[in-house]
Amino acid sequence: QVHLVESGGGSVQPGGSLTLSCAASGSLSSLYTMGWYRRIPEKQLELVAEISSGGGIRYKEAVKGRFTISQDKVNNIVFLHMNMLRPEDTALYYCNAEDENDAGTDFWGQGTQVTVSS
């Protein structure tokens, strides 16, 4: 079992920045792809960014050049640095850990709200 705790959400004006953090604990012996997803009201959950255990990174097209995903493997923390935020980035952001050795096994955090508004 992997336990994920997100933090860093909040309210910012358009053009502002926020950094989300996801601290992982528990059974971390496997290899995980760590991802950030978001849910916009009345829309589907969507992948924002992910980073594999080998360092491979993928971004949603709409956040390329504005968001950066990174990880601190020593402390088991994954970050999402968000710059040039837009109102359409407003969502509940979730951290996800997908087991690379066991397809279909993944874990979720409780979510952190990001609101971009003037």
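Predicted model: local features only at pLDDT ≥ 70, side-chain atom pairs only at ≥ 80, totals over all residues.
Colleague: Let's start with Tyr32 and Phe107: buried or exposed?
Modeller: Tyr32 is buried, and Phe107 is buried too.

Colleague: How many aromatic pairs does the structure hold?
Modeller: There are three aromatic pairs.

Colleague: What makes the pair of Tyr32 and Phe107 edge-to-face?
Modeller: Their ring centres are 6.4 Å apart, with the planes at 65°. Rings pair if their centres lie within 6.5 Å, and planes over 60 degrees apart count as edge-to-face, so Tyr32 and Phe107 meet both conditions and get that name. This pair also links distant parts of the chain, with Tyr32 in strand β4 and Phe107 in strand β10 (residues 106-108), 75 residues apart.

Colleague: And why is the pair of Tyr94 and Trp108 called edge-to-face?
Modeller: Here the ring centres are 6.4 Å apart and the planes stand at 85°. An angle over 60 degrees is what the label asks for, so edge-to-face it is. Tyr94 sits in strand β9 and Trp108 in strand β10, 14 residues apart. Together with Tyr37, Tyr94 and Trp108 form one aromatic cluster.

Colleague: How do you know which class of accessibility Tyr94 belongs to?
Modeller: Its relative accessibility is 16%. Buried means under 20%, so Tyr94 counts as buried. Trp108, at 36%, falls between the 20% and 50% cut-offs, so Trp108 is partly exposed.

Colleague: What makes Cys22 and Cys95 a disulfide?
Modeller: Their sulfur atoms lie 2.0 Å from each other. The cut-off is 2.5 Å, so the pair passes. Cys22 is in strand β3 (residues 18-26) and Cys95 in strand β9 (residues 91-99), so the link ties together parts that are 73 residues apart in sequence. A search of the whole structure finds one disulfide. The link of Cys22 and Cys95 is left-handed, with -80° about the S-S bond, and both cysteines are buried.

Colleague: What is there to notice about the phi of Glu42?
Modeller: Phi of Glu42 is positive, about 70°, although Glu42 is not a glycine. Most residues other than glycine have a negative phi. Glu42 lies in the loop between β4 and β5 (45-51).

Colleague: How do you know whether Glu42 is buried or exposed?
Modeller: Its relative accessible area is 87%. Exposed means over 50%, so Glu42 is exposed. Met84 also has a positive phi, near 50°, and Met84 lies in the loop between β8 and β9.

Colleague: Why do β7 and β8 count as paired strands?
Modeller: Six bridges join β7 to β8. At least two bridges are needed, so the two strands pair. β7 and β8 run antiparallel. Phe67 stands opposite Met82 in β8. The hairpin of β7 and β8 has four residues between the strands, and Asn76 in this hairpin takes a positive phi near 55°.

Colleague: How much space lies in the largest pocket?
Modeller: About 280 Å³. The pocket is lined by 15 residues, and those closest to its centre are Tyr32, Met34, Gln71, Lys73 and Asn76. The elements that give two or more residues to this lining are β4 (32-39), β7 (67-72) and β8 (77-82). By class, the lining has nine nonpolar, four polar and two charged residues.

Technical notes: Residues numbered from 1 in each chain as written. Heavy atoms only, no water. 1 Å grid on protein atoms, 1.4 Å probe; cavity = no way out; pocket = protein on both sides within 12 Å on 5 of 7 lines; lining within 4 Å. Points joined across faces, edges and corners; volume = space filled by probe spheres on them. Nonpolar A, V, L, I, M, F, W, Y, C, P; charged D, E, K, R; others polar. Buried < 20%, exposed > 50% of the residue type's maximum accessible area, 1.4 Å probe, protein only. Phe/Tyr/Trp six-rings, centres within 6.5 Å; stacked < 30°, edge-to-face > 60°.
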